[in-house]
Each structure stands twice: as structure tokens, then as C-alpha cells.
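Subject: Structure handover and notes

Dear colleague,

I am passing on the structure below, and my notes on it follow. Please read them with the coordinates open beside you.

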Amino acid sequence: MPLKGEEQNNDYESKSLKILHDYIIKASKESDTFELYTSWNGEENLPLRNKTELAIENLTPEKLILRDRELLIIKNKTFTYIT
């Protein structure tokens, strides 16, 4: 997965982003919230640089490109719990 600002816009990146996007859309039928976080190994506990919330309806593959230590929270407002 590319980091924001380091994208190469090649077929490999596009395919990877599309696979992740499709997975999240499919999995959203079973969950109301997804969190994606990026960090280099060993830097997981450093402060966040950015936190963004996004509705699943507005999710595109390009919005999955994050900066280092960025958190993306994807919310599915149409999800209903079945008990």
C-alpha cells in the first residue's frame, strides 16, 4: 500500500487499493465501523499525525492512501445489528 505523498500511481498500487476497498465494502455488511491505521514497525505508540472519519458511502480506493501514523475511521450508518 502506498503512503500519501509517495504514491507511484502504477497498476500494482491501483490493484492493491481496489482489493482493500472491495474488502471493506463487503465486510461493511457485518460491521458498523472500520479503523485503518498506518505506522512503521516500532512507531505504533507515537502520536497520531492525522485522524479522519469517513462515511462508507464516500469511500473510494484513493481515500485509503494514508500518511504515516494516520488513522482512518470508516463508519457504516446503514448497518443494523441483528439480535
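Where is the place of Asn9? Asn9 sits in the segment before H1, where helices (H or I, at least four residues) and strands (E, at least two) are DSSP runs, numbered from the N terminus. The model is a predicted one, in which local features need pLDDT of at least 70 and side-chain atom pairs count only at pLDDT 80 or more, while totals for chains, interfaces and linings use all residues. Residues are numbered from 1 along each chain as its sequence is written, and side-chain values use heavy atoms, with hydrogens and water left out.

**Overall picture**

The protein holds one helix and three strands, which follow the pattern α-β-β-β along the sequence. Of its 83 residues, 33% are buried, where buried means under 20% relative accessible area, exposed over 50%, and partly exposed in between (1.4 Å probe, protein chains only).

**Helix H1**

The 17 residues of H1 (residues 11–27) should span 24 Å at 1.5 Å a residue, and the end C-alpha atoms are 24 Å apart, which agrees; the expected span is 1.5 Å times one less than the number of residues. Glu13, Ser16, Leu17, His21, Ile24 and Ala27 are buried in H1. They cover an arc of only 135 degrees around the axis, so they lie on the same side of H1, the arc being that of the directions from the helix axis to the C-beta atoms. The buried residues of H1 pack against strand E1 (33–37) and strand E3 (70–75), with contact meaning heavy atoms within 4.5 Å. On the other side of H1, the exposed residues are Asp11, Tyr12, Lys15, Ile19, Tyr23 and Lys26.

Asn9 is not a glycine, although its phi is positive at about 50 degrees, and Asn9 is exposed, with a relative accessible area of 67%. Arg69, also not a glycine, has a positive phi of about 60 degrees; Arg69 lies in the loop between strand E2 (50–55) and E3 and counts as buried at 11% relative accessibility.

**Largest pocket**

The largest pocket has about 180 Å³ of space, a volume being the space filled by probe spheres set on grid points that are joined across faces, edges and corners. On a 1 Å grid over the protein atoms alone, a pocket is an open set of points where a 1.4 Å probe fits, with protein on both sides within 12 Å along at least five of seven lines, and lining residues have an atom within 4 Å of a point. Among the lining residues are Met1, Leu20, Tyr37, Trp40 and Asp68.

Best regards
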